[in-house]
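Visitor: Could you take me on a close look at one part of this model, and show me what you find around it?

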Amino acid sequence: VLTPAENTRVTRVGPGTPGGALFRRYWQPACLSSELPERDGGPLRLRLLGEDLIAFRDSAGKVGLVDAFCPHRRAPLFFGRNEECGLRCVYHGWKFDRDGNCVDMPSEPAGTTLQQKVKLLAYPTVERGGVVWTYMGPRDAMPEPPDYEWLRAPPEKQYVSKTFENCNWLQGLEGGLDTAHSSFAHNNHLGEKTVLRQKDKSPHIDVERTDYGYFYISTRDMGDEGKYIRVYHYVMPAQQMRANTMGWFGGKNQVPRLDGHIWVPIDDTTTHVYNWMCAYDDTIEVSEAWRHRRENEMGRGKDDVIPGTFRLKRNQSNDYLIDRQMQKTQNFTGIVGINTQDFALQEGMGPICDRSKEFLGTSDKAIVAMRRLLLEALDMVQNGGKPRGVDPVSYRSVRPHDRIVPPGHDWKTIFDKELTAKW
Ligand code: FES
Ligand SMILES: [Fe+2]
């Protein structure tokens with residue numbers, strides 16, 4: 001439970017808010033690289049942490065991320081001409097490079113000194129793992145570029161997709177750190193007793209704090225077989241890492257892998273979720289066909305998305321096409337798609353969940369621990385300190401894992417080397 005004041009403090013991310021200051025200490029995904037396919041192509045509208053921005057890939061192939069409005073008289077740069085290493089406003093022709101310098105001011109007399117004085121707000125970017133990352137915080141506190149393990153896997157062994165979610169980012173993150181709900185919301189085989197997560201629906205959870213946030217161990221009792229153990233990471237401020245080396249029904253997964261999400265606030269009430277995966281090691285093939293099947297299963301495949309957007313066709317406006325008959329006979333929710341099931345529950349809480357009305361149980365341990373870390377980090381940033389998970393050294397070698405640990409074995413011994421990055 002959070003007080004109304006804590007709930008406000010932890011969820012709001014706009015400029016000038018404590019949460020905004022915290023998020024601005026980390027590199028954040030700004031867009032997928034594939035959204036800016038060509039040099040000198042059309043600029044892309046983005047909203048990040050409540051700021052309206054424009055991204056463009058310049059003639060050198062580098063991505064600029066700038067204020068959406070021209071500093072002259074605030075014309076929209078979305079209509080700008082992306083040409084010769086800069087974005088030219090089409091109102092009076094002022095041109096800016098990706099660092100925000102004004103490189104041409106043709107509407108002013110030659111020799112004007114105004115050109116040196118005008119600056120367009122610009123944020124630094126790097127491209128890694130198919131994602132354009134940006135840092136929107138104070139320059140003197142800018143960390144090394146992001147270096148999560150999945151960013152180092154070769155492109156044919158990893159991929160990232162993106163989904164629009166119509167609620168505050170924290171509702172999404174909480175779902176991502178909540179292994180218990182997968183026994184219910186994601187029970188897609190009603191009556192099928194062999195599903196691992198059906199054998200024990202109230203996992204035991206242990207949380208251990210680290211320099212990047214925490215990892216948690218979820219333990220499900222499999223009876224004679226032993227224990228089904230999953231180690232998740234929470235990498236601050238809003239990334240989840242989980243492993244899927246085990247199949248849904250036990251045994252090795254078809255594509256053993258690491259999965260995760262990053263929840264990136266568009267503003268206080270809307271979010272882009274980046275869904276990443278990378279293969280467990282280089283012996284594992286990640287085919288295009290498998291990738292499509294997987295995105296379909298998640299409910300965010302090509303046919304599940306409104307064309308030209310990252311929004312799901314099954315959404316709030318149509319109750320996610322819930323099928324009550326299916327809910328009686330096939331799956332727990334009556335909703336198709338694992339991602340869609342999550343969205344129905346998270347978006348349905350409202351734009352910003354009122355956490356002062358909750359009753360938390362022992363299965364919510366990881367969520368409570370995450371909120372505590374966030375509240376501490378907000379204070380730390382406000383007092384001039386550096387929050388956890390800013391420096392890549394804190395997280396670069398971590399990876400999640402899952403495995404059935406036979407009776408009489410200690411999970412720590414079995415998991416030992418598995419929790420260290422291989423890429
Ligand atoms: S408003 Fe952009 S050049 Fe005048
Ligand atoms: Fe979920």
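Guide: Happy to! Let's start at an open sheet of three strands, ordered β1-β11-β10 with antiparallel pairing. From one strand to the next, the twist averages 35 degrees (axes are lines fitted to C-alpha atoms, and angles run from 0 to 180 degrees between N-to-C directions).

A word on the ground rules. This is a predicted model, in which local features need pLDDT of at least 70 and side-chain atom pairs count only at pLDDT 80 or more, while totals for chains, interfaces and linings use all residues. Residues are numbered from 1 along each chain as its sequence is written, chains are lettered from A and ligands numbered from 1 in the order written, and side-chain values use heavy atoms, leaving out hydrogens and water.

Back to the sheet: β10 and β11 (residues 131–135) run antiparallel and are joined by four bridges. Across this pairing, E127 faces V132 in β11.

Now for the rings. W133, Y148, W150, W276 and Y395 are linked by ring pairs into a cluster, and the structure holds 13 aromatic pairs (ring centres of Phe, Tyr or Trp, with its six-membered ring, within 6.5 Å; planes under 30 degrees apart are stacked, over 60 edge-to-face, the rest tilted). One of these pairs is Y148 with Y395, stacked at 4.3 Å centre to centre with 25 degrees between the planes. The two residues are 247 apart in the chain: Y148 is in the loop between β11 and α4 (149–152), and Y395 is in the loop between α10 (365–382) and β19 (401–405). Both Y148 and Y395 are buried (under 20% relative accessible area; over 50% is exposed, in between partly exposed, with a 1.4 Å probe and protein chains only).

Elsewhere, charges sit over rings (NZ of Lys or CZ of Arg within 6 Å of the ring centre and within 35 degrees of the ring normal). R45 lies over the face of F78, 3.7 Å from the ring centre, and R311 over that of F164, at 3.9 Å.

H181 is buried, because its relative accessible area is 19%, and H186 counts as buried at 5%.

Definitions and conventions. Pairing = 2+ DSSP bridges.
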